[in-house]
Amino acid sequence: MACRSACCCGFGPVNEDNARFLMLALLIILYLLCGAAVFSALEHPKEKQAKEKWAQRFEHFSNKHNLSRDDLEKFLRFYEEANVAGIRVDTIRPRWDFTGAFYFVGTVVSTIGFGMTTPATVGGKIFLIFYGLIGCAATILFFNLFLERLITVLAFVLKSCYELQRRRKGVLPHDSRRDSALGDGESLAGWKPSVYYVMLILCMAAVTVSCCASAMYSAIEGWSYFDSLYFCFVAFSTIGFGDLVSSQQLSYEHQGAYRLGNFLFILMGVCCIYSLFNVISIVIKQILNWILKKLEVPCRCHCCPGKGLRPRRNAVMPGHFRARRNISIETDAANESETDGRRMSGEMISMKDFLASNKVSLAIMQKQLSETANGHPRQSSSCSRHNGFSGGVGALGIMNNRLVETSVDR
């Protein structure tokens with residue numbers, strides 16, 4: 001397995017982040033293979049049964065009405081074309097009036113893309129490309145900003161609960177300020193909530209929104225409660241198969257209130273699931289680091305003295321191995337890539353750390369973009385290591401290593 005430090009071997013440095021990336025890629029491939037096997041076992045018999053049933057009905061209908069097979073197939077192809085344009089056997093709401101078009105653009109920018117409505121004209125398809133390019137980027141930015149604020153609020157609430165618990169135990173004096181020193185020498189300002197607590201809270205929020213939305217859909221759409229839960233997950237996770245789509249009937253009882261509730265539930269559900277996915281990604285990353293830690297062979301080369309005994313970044317380890325280091329907006333990319341002194345626990349960053357780390361990320365990104373534009377990219381040293389998950393765009397740019405690892409001295 002990858003050596004802990006950058007070993008100068010015949011083929012260049014061996015990067016442990018590449019090992020992490022390859023490990024994740026292999027696990028994803030294995031996950032896909034297992035998922036394919038399960039779904040094939042569950043759904044393939046149903047597919048074969050449906051094909052046999054359709055063949056019998058097709059043959060019976062053609063014989064009953066004295067229609068040739070070719071004529072009937074031609075007519076069915078006409079219906080498939082009409083189906084793409086939104087024509088159904090049952091009467092449904094218009095697809096391209098203003099409200100229908102608003103529903104469509106909502107599924108576009110949110111990347112849900114149910115697929116029940118698609119542009120049929122060349123002009124509509126061209127406009128969709130440019131509209132989706134800007135709209136999807138703006139919506140992802142909205143979700144990221146929502147994630148920032150949600151993490152900040154959760155950190156504040158959990159910190160307040162932790163402070164109250166300490167005061168009840170008598171560790172923290174009742175008349176002390178929030179950021180005063182604790183009795184055991186720790187500081188509440190440096191305390192960070194467990195990522196598992198945050199994941200649990202987000203999971204409960206997503207389940208609550210899904211259950212409430214499912215109750216509404218089952219009552220108004222006529223779906224079973226289980227199908228409503230299935231729709232909520234498919235919609236909130238932006239998978240968007242399109243087999244079940246809400247608010248598509250021509251009219252509803254209390255139609256205005258239902259469409260408003262449908263919009264609010266989808267918005268809240270997408271935000272909760274988006275945040276939950278990114279917190280789960282942190283847990284997955286910690287599992288990968290634990291696996292690599294177990295498989296790791298200690299480095300005994302002498303190309304980078306003193307680094308072989310340092311704790312590996314992102315490894316789950318006891319607290320006495322942890323250290324702190326100062327971070328400022330002026331911190332450059334080389335300092336950001338240092339692996340010593342990084343926090344490696346199941347804790348998330350505090351509010352002050354979170355805001356500071358975002359400023360660091362922005363400053364580094366601007367500096368790197370400027371250097372690249374000027375044709376003078378930063379040259380990293382042979383012993384510097386960069387995290388394969390850091391510097392990401394979007395959610396990983398917010399909930400990257402700093403969210404879990406970075407700790408700022410106070």
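Modeller: Helices H1 and H7 are roughly perpendicular to each other (65 to 115 degrees; under 35 counts as roughly parallel, over 145 as roughly antiparallel, the rest as oblique). The model is predicted, so local features need pLDDT of at least 70 and side-chain atom pairs pLDDT 80 or more, while totals for chains, interfaces and linings use all residues. Residues are numbered from 1 along each chain as its sequence is written, and side-chain values use heavy atoms, without hydrogens or water.

H1 spans residues 16-64 and H7 spans residues 255-295. Helices are DSSP runs (H or I, at least four residues), numbered from the N terminus. The two axes come within 10 Å and cross at roughly 115°. Axes are lines fitted to C-alpha atoms over the stretch in contact, and angles run from 0 to 180 degrees between N-to-C directions. The crossing is right-handed (the near helix is turned clockwise from the far one by less than a right angle).

Now the contact (heavy atoms within 4.5 Å). H1 brings Glu16, Ala19, Arg20, Met23, Leu24 and Leu27. They meet Ile284, Leu288, Asn289, Ile291, Leu292 and Leu295 of H7. Nine of the contact residues are nonpolar, one is polar and two are charged.

Look at arginine 20, which lies in H1. Arginine 20 is buried, at 0% relative accessible area (buried means under 20%, with a 1.4 Å probe and protein chains only). Its side chain makes a polar contact with the side chain of asparagine 289, at 2.8 Å (N or O atoms within 3.5 Å, one able to donate a hydrogen and the other to accept it).

Note on methods: Helices (H or I, at least four residues) and strands (E, at least two) are DSSP runs, numbered from the N terminus. Ala, Val, Leu, Ile, Met, Phe, Trp, Tyr, Cys and Pro count as nonpolar, Asp, Glu, Lys and Arg as charged, and the others, Gly among them, as polar. Buried means under 20% relative accessible area, exposed over 50%, partly exposed in between (1.4 Å probe, protein chains only).
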